Structures are given as structure tokens and as C-alpha cells.
Amino acid sequence: MTLPGVDEYLNAPCPEVATKPATDKEFTYWSMWTAEEPQGKVLSKAIRCFQDKTGVKVNVQWLGRKLLTQNVAPALNTDTVPDLFDQDISQVKAAVVAAGGTQSVQDVLDYKVEGDKKVRDVVPAGFYDMPQNKLDDGSIFSVPYEVLGNAWWYNKDTFPDLKAPATMDDLFALFDKAKAEGMAAISQDGDINFYNAYFYTQIAARYLGPGGLAKTAEDKTGQAWKSDPGLLKAAEAVEKMAKGGYFIDGWDAAKFPQIQQRWADGEAAFLFVGSWGPSETREYLNKQGGDKGINYGSFQFPMPEGATHKIVEQLPIGFSVTKKAAHPEAAKAFIAYVLNKDILSGIPAVADNLTPRPDLAVPDSLKDIKASLEDPSAERAIFMDGLDGMAAGKWVDNVFYPLNNDLLKGNITAQQFIDGLAAKQAEFWKTTG
């Protein structure tokens, strides 16, 4: 499989619509993208084609990443709601599902995408059938069209013989080797709380398995943080990173994306971030001019000693339909249309990202992550085990992020981190209910 060029994709003929709305003549879509972004360009083509093929008008507003908290959630108690909106499932669950603002899209799985192929035929269940994507009745509230993964990134030209670490000792050996060669080991934009959280949650998930961290966070007494030794071991690994001098100077005082850009400039060996890392850093380098590029390589977190769960994290970005939607039929038909192979191929071709369809070509920089997501021996979990969706996002803000930031900055020990989580969580659930 090969990726079409950007112009080739954008100028290609529109595919036919396999599922057409029977009655709706329009619907409203509030998007997490801007029209100028690569994903916005792909969805703009989908909108244009859907309108041309069905005669259904799409009233789109390009609102950007904060649309859930700034637009969708405030609109839920009014009659001015979109029919369709998109974001990752954790944010949707925290901001909209928790408020009762979505309806089931389970029926979309049986909508035809192309020919006789249905949504469920082209999107593997592992990308949507998960507890974090369920309403109280067990049906799903989001259908994914893009999938994010996480990885350690490095430049293959700088480390041509690098082998993916099998153990945490192997990982720290890579860090030490980078330091010995005069480079910082890790770039990290420390002003982004959830970026900082990835280190601990990735390691801890390998001890507890999918859903284990979320279950721990639900314990009203907070004592669950002290019950599994893996939770402390994961914190000790993060403490070792913090106190080992591995992070690039100034990481905890800079503003995103300054530190990520310093990695792109070759000042540090490794960067742990989502599958959007190559597209963001490539865009930065392109703006600098010249012929400097990165030969992207990536690998997953290794298994820590004593851990038994081979975890691969994913975060689906998908479409949801509001509970008050005036035109759900058209909105759901559009979801199925975006998943058409000829439409969805724009996500890797134009946006340099992954889709849930296994039959689409993948950018070279993301082939390692794609293989990890499709590894049959791995257990799938969502980013941070969905902790950021708990209590409408209040749990991470009040309990986890402050203590995790202190741990990563070396301000507290692993034991103080665990003790702090236990105490803060008990206090949180006592006051939050």
C-alpha cells in the first residue's frame, strides 16, 4: 500500500455515499479542528463530497481543541446544540457524557461504508469496544476515525544501531549512553500536565493491566494506592528519571512546544509523546528552512521488572452525536461516510496520522506504532487508563497532576507520591462524592 500525495488526495473524485439520510436535509457539525489544519482539510473534503453526493447541507464550525469545554458543554442546557462533534473519547466522556449530553451511536456500526461493507467490517472492535467508550446501557458514544498512540521517539540517523529496550535497565542504559555522548537524554514539555503523566501511567499500567489505574483511582479510601507494590515500583522508576539528571535543562520552566523543538534540533536523544510527534516536529523544521529532517524511529516503554501486562496505549478520536440532536440521521450517515476508504486515506496522506482501518497505508514514521497497536500479544489500554475522564476531569486536576508533577521534578520521593495520592484521593472523594 502506498500513500497518495496531498494534492492527489484532495483533488481525487468523491466516492459514493453508501448510507444516505432518508429525511434529514441538513445537520450541524462542530469540529475540534481548524479548517487550515491537515485534519481540517481532510474533513472539509468529506463535507464537500457528502453534500455533493446527498444534497444534505453540512453547517460546520471549526472551533479548535477547546470546543468541548468552551462550546459543546455550555450549550447542553440550551436548544442550540450541534448534531455532531468530535474529540478523543476521554475528553468527550469527561465534558459531555458525564453531563448526559450524548446519545448512542451503536447503530452506526451497521451503517454501510462502501459497497456492502459496514462500519463494523472495516473498523476493528478494539478501537471502539472499550469500557471508556460506553454509556450506562453499554452502547458506544463515539465512532473513531483517527487513532493516536504513544512512543519514545529518536532520530535513526543519530542512533543507527539502536535496539528497542526490553527492560527498564535497558532504557536507562540508553539514557546514560546519550548523556555520555554529551546529549540530554529526554526532552519534555513540562508545562503540559498530561505529557508529564505519561511516564508514571505507562509504567504502572504494566503492573496493573488495562483498567487497573482507573479502579485504583475510584477507591474512596485512597488506600488502594498502597495495596499493589507495582504502583510504588512505577513511582520509583519515575523518581530515578527525575533525580538522574536525564531531562534537558529548562524542561520544567519552558512553554510548549519549546522543548519538543529542541529535541527536533538534536539537543536531546529521546522524546516521549503521542503519534502526532513527527507531524508537529516536521512542521517546525520545515518552517526553519534548509534541508534538515529527522529519520524517525520509535519504540514502546519496556516491561518493568515483575510486571505481567504487555500494554500498548491508544486514544481514539471520533464522532459523537448530542442527545438533543435535531438531525441525528444525517450526522450518523456522515460518520459512516468519513470512514470510506477513499475519504479516510486523507488522515495518513494529508495529516500524517493513523486511522482505525487496517487496510490503509501508513506513514513511514508511524509504522512502528501501527505495528504495536496491532500486536496480538499486547493488551490495549487508553492513554492514562482514562484517568483524565474521571469525575469530569476534576480527579486528575485536584489529586494526580500536582503530585505527579512534583515527582517528575524530583521534589518528592516515590513513597511521598504514593502517600500523597492516598491522602488526597480520600479527601477528594469525601468532598466530591
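Author: Helices here are DSSP runs of H or I with at least four residues and strands are DSSP runs of E with at least two, both numbered from the N terminus. The model is predicted, so that local features need pLDDT of at least 70 and side-chain atom pairs count only at pLDDT 80 or more, while totals for chains, interfaces and linings use all residues. Residues are numbered from 1 along each chain as its sequence is written, and side-chain values use heavy atoms, with hydrogens and water left out.

The helix in question is α7, which takes in residues 193-208, 16 residues in total, and reaches 22 Å from its first C-alpha to its last, close to the 22 Å expected at 1.5 Å a residue; the expected span is 1.5 Å times one less than the number of residues. Of the 16 residues of α7, 14 are buried, so the helix is largely enclosed by the rest of the structure; buried means under 20% relative accessible area, exposed over 50%, and partly exposed in between, with a 1.4 Å probe and protein chains only. After α7 comes G209, with a positive phi near 85°.

Strand β11 (residues 311-322) holds E313, which is buried, at 2% relative accessibility. Leaving aside residues up to four places away in sequence, E313 touches T201 and Q202, along with L148, G149, N150, L373, A381, I382, F383 and M384, contact meaning heavy atoms within 4.5 Å. Two of these neighbours also make polar pairs with E313: its side chain has a polar contact of 3.2 Å with the side chain of N150, and a polar atom of its side chain lies 3.4 Å from the backbone nitrogen of M384. A polar contact is a pair of N or O atoms within 3.5 Å; within protein, one must be able to donate a hydrogen and the other to accept it, and residues adjacent in sequence count only if both atoms are side-chain atoms.

In the loop between β12 (379-382) and α16 (394-408) lies D385, which has a positive phi of about 55° although it is not a glycine, and which is buried with a relative accessible area of 4%.

D352 belongs to the loop between α14 and α15 and counts as buried at 13% relative accessibility. N353 is placed in the loop between α14 (346-349) and α15 (367-373) and is buried, with a relative accessible area of 3%. A polar atom of the N353 side chain lies 2.8 Å from the backbone oxygen of A351. Among the residues that N353 touches, not counting those up to four places away in sequence, are Q39, E146, L148, W276 and P363.

One further loop belongs in this reading, the one between α9 (229-243) and α10 (258-264), where P257 is placed; a cis peptide bond joins F256 and P257, with omega about 5°.
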